[in-house]
Amino acid sequence: MEPIANETITSSTTAQNAPSGYMGNNAPNHATGASYNNQVPAPGIPFPPKKKPDFIAPLLIGLAIVISSAILGGAFVKYKTDSSRSISATGSASVDFDADLIVWRGYFTAYSESSSRAYSQIKKEASWVEDYLKNKGLSSSDYVFSAVDISESTVNDYDENGNYVRTHVEGYNLSQNVVISSTDIDLVEEISRDISTLLDNGVQLTSGTPEYYCTGLDEIKLDLIDKATENARARIDIMARQSGAGVGKLRSSNLGVFQITAQNSGTSYYSYDGYLDTTSRHKTASITVRLDYDVK
């Protein structure tokens with residue numbers, strides 16, 4: 001019977017030395033530092049449940065990212081589509097008008113071996129030219145004489161062997177300009193064509209081509225801008241109406257360059273920087289305006 005008692009005592013001792021919450025061979029061995037895999041909870045103490053992987057939170061985050069990207073992408077596409085919907089047209093306007101100012105330029109010359117004699121000659125010619133202009137009906141406020149321009153006429157001297165020796169003054173060339181500016185275009189045109197009286201007096205007057213200008217050109221330009229803008233808007237309204245669209249806000253407007261040409265000369269004289277004709281009395285002014293609108 002004693003062996004049985006000893007076995008019971010040994011079992012009790014093992015249970016008493018086990019840590020709280022574990023029994024038998026499933027308890028960790030504090031003496032050796034080993035642990036046992038098959039752990040069994042002590043009576044009355046539940047074993048902590050194992051946590052299952054949480055797939056809900058990452059799924060929601062991913063879904064939110066996809067939805068946000070779709071919303072932003074759709075908004076961007078709509079913005080690009082809306083911003084690219086526009087309608088534009090170029091309007092034009094032109095008007096014929098006559099110049100109201102004429103400018104005529106001429107010059108005359110004198111030559112002499114003596115500078116004083118040349119100067120006296122040029123002054124005499126200037127007096128003849130002025131008398132001629134006054135006799136034709138111009139007032140002193142219609143013409144202006146420039147200062148006298150003088151230059152030496154020189155000759156190089158060489159010896160019998162062809163070697164350069166010196167340069168000496170042979171004579172003096174003098175010239176003077178006269179500019180006539182008047183609103184009496186018919187009178188100045190007549191003067192510029194008939195200079196026989198001056199030629200008879202020995203005045204070698206060289207006549208330039210008359211130039212024609214308009215003193216009210218700024219008012220003409222403003223009126224053309226207004227008409228060209230109206231024309232561009234009318235074209236846009238027609239295109240929008242025919243396509244079933246609506247015209248929104250103005251995006252941009254661009255003003256072209258003024259082209260002022262002789263009447264009936266066509267567009268061959270048009271220039272990228274604009275053109276201003278001064279050779280013709282009868283002119284045509286034109287301008288373009290480009291408008292760009294949003295489409296509703």
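Predicted model: local features only at pLDDT ≥ 70, side-chain atom pairs only at ≥ 80, totals over all residues.
Colleague: What makes you call Ser-153 buried?

Modeller: Its relative accessible area is 18%. Buried means under 20%, so Ser-153 counts as buried. Ser-153 sits in strand S4, residues 149-158. Leaving out residues up to four places away in sequence, Ser-153 touches Tyr-111, His-168, Val-169, Glu-170, Gly-171 and Asn-173.

Colleague: Back to H3. How do you know what span to expect for this helix?

Modeller: H3 covers residues 115-135, which makes 21 residues. At 1.5 Å a residue, 30 Å is expected. From first C-alpha to last, H3 reaches 30 Å, close to that expected value.

Colleague: Which residues of H3 are buried, and why do you say they line one face?

Modeller: The buried ones are Ala-118, Ile-122, Glu-125, Ala-126, Val-129, Tyr-132 and Leu-133. Looking down the axis of H3, you'd see them fall within an arc of 125 degrees, so they line one face of the helix. Here's the background: an α-helix has 3.6 residues a turn, so residues three or four places apart point the same way. The buried residues of H3 pack against several elements, including strand S2 (101-112) and helix H4 (185-193). On the face turned away from that buried side you'll find the exposed residues Arg-117 and Asn-135.

Colleague: Why is the pair Lys-136 and Asp-194 called a salt bridge?

Modeller: The closest N and O atoms are 3.6 Å apart. The cut-off is within 4 Å, so Lys-136 and Asp-194 qualify as a salt bridge. Lys-136 is in the loop between H3 and S3, while Asp-194 is in the loop between H4 and H5, so the pair ties together parts 58 residues apart in sequence.

Colleague: And what makes Lys-136 partly exposed?

Modeller: Lys-136 has a relative accessible area of 26%. Partly exposed lies between under 20% for buried and over 50% for exposed, so 26% puts Lys-136 in that class. Asp-194, at 30%, counts as partly exposed too.

Colleague: What about Arg-251 and Asp-294?

Modeller: Their side chains meet in a salt bridge as well, at 2.3 Å, N to O. This pair links distant parts of the chain, with Arg-251 in strand S8 and Asp-294 in strand S11, 43 residues apart.

Notes:
Residues numbered from 1 in each chain as written. Heavy atoms only, no water. Helix = DSSP H or I, 4+ residues; strand = E, 2+ residues; numbered from the N terminus. Buried < 20%, exposed > 50% of the residue type's maximum accessible area, 1.4 Å probe, protein only. Contact = heavy atoms within 4.5 Å. Expected span 1.5 Å × (residues − 1). Arc of directions from axis to C-beta.
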